[in-house]
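Visitor: Please bring up the model, and let us go through it by question and answer.

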Amino acid sequence: MNSTRYILECRNLGRELPSPQHRLLLRNVSFTLQQAEVLAVIGPSGAGKSTLLRLLNRLNEPTQGSVYLHGRDYREMPVLQLRRCIGMVMQRAYLFPGTVSENIVFGPAQQGKTMNPQQVDDLLARVGLEGYASRDALTLSGGEAQRVAITRALANEPEVLLLDEPTSALDEVSRDGVQSLLASLIRERRLTCVWVTHSLDQARAMANRVLALRAGEVEAIGTPGEILHA
């Protein structure tokens with residue numbers, strides 16, 4: 001298999017907690033992703049969905065298998081470099097005190113890159129937050145904060161975006177708006193995404209393929225039509 005044709009590849013990925021709290025969190029998860037492909041990850045609570053995302057950008061370390069980015073074992077990469085390539089948006093937006101602009105420019109600044117005010121304004125306009133650069137980040141609504149979190153992730157120009165139920169904490173109007181925003185950004189930027197969701201409707205709408213987890217193991221993987229019956 002020529003792994004370099006894939007942006008992301010998981011090979012037998014797993015994580016097991018050692019004694020005394022010995023617990024299997026994930027075992028033998030394998031899949032490949034090409035550019036602009038969206039993989040929805042579904043399953044009941046405790047199935048290992050969030051564990052998988054945390055392993056994909058080394059917030060946790062695997063105890064089994066590995067992840068390959070463009071065919072390269074991700075443990076050969078500095079962690080900060082990896083997390084710039086594989087960005088993450090959480091269920092709730094964790095913004096730090098300061099302005100919206102300060103939140104957005106932080107990531108690029110860690111790479112020695114400077115974003116000018118026009119670049120920040122252009123990104124914010126794209127996510128429907130024109131004129132928000134100087135706003136206090138901690139005074140935003142849930143939907144606004146999540147849009148800033150998405151913008152902050154995009155400012156690093158990631159190749160892969162991990163989405164951990166990014167709309168589940170929002171009201172219906174904000175949820176629909178953020179989902180539509182992500183759909184358009186994925187198309188425009190040809191983002192490769194791993195999208196954890198409890199919503200089968202969202203998986204149908206957003207994903208090219210679906211990975212179903214149960215009790216830490218792969219139950220099924222395939223197209224939405226194959227996996228999501230009725």
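Visitor: What volume does the largest pocket have?
Guide: This is a predicted model, where local features need pLDDT of at least 70, side-chain atom pairs count only at pLDDT 80 or more, and totals for chains, interfaces and linings use all residues. Residues are numbered from 1 along each chain as its sequence is written, and side-chain values use heavy atoms, without hydrogens and water. On a 1 Å grid over the protein atoms alone, a pocket is an open set of points where a 1.4 Å probe fits, with protein on both sides within 12 Å along at least five of seven lines. Volume is the space filled by probe spheres set on the points, joined across faces, edges and corners; for the largest pocket that is about 660 Å³.

Visitor: Which residues lie nearest the centre of the largest pocket?
Guide: Lining residues have an atom within 4 Å of a point. The largest pocket has 23 of them. Nearest its centre lie R83, G87, M88, R152 and N156.

Visitor: Which helices and strands each supply at least two residues of that lining?
Guide: Helices (H or I, at least four residues) and strands (E, at least two) are DSSP runs, numbered from the N terminus. The elements asked for are α2 (79–85), β6 (86–89), α3 and α5 (142–155).

Visitor: What is the volume of the second largest pocket?
Guide: Its lining includes P108, K113 and R189. α4 and α5 each supply at least two lining residues. The volume is about 210 Å³.

Visitor: Why is α3 called roughly perpendicular to α4?
Guide: Axes are lines fitted to C-alpha atoms over the stretch in contact (heavy atoms within 4.5 Å), with angles from 0 to 180 degrees between N-to-C directions. V100, S101, I104 and V105 in α3 meet V120, L123 and L124 in α4. Angles of 65 to 115 degrees count as roughly perpendicular. The axes cross at roughly 105 degrees, so α3 is roughly perpendicular to α4.

Visitor: Which residue of β4 is the bridge partner of E9?
Guide: Two strands pair if DSSP finds at least two bridges between them. Five bridges join β1 (residues 8–17) to β4 (residues 64–69), and the strands run antiparallel. The partner of E9 is Y68.

Methods:
Parallel < 35°, antiparallel > 145°, perpendicular 65-115°, else oblique.
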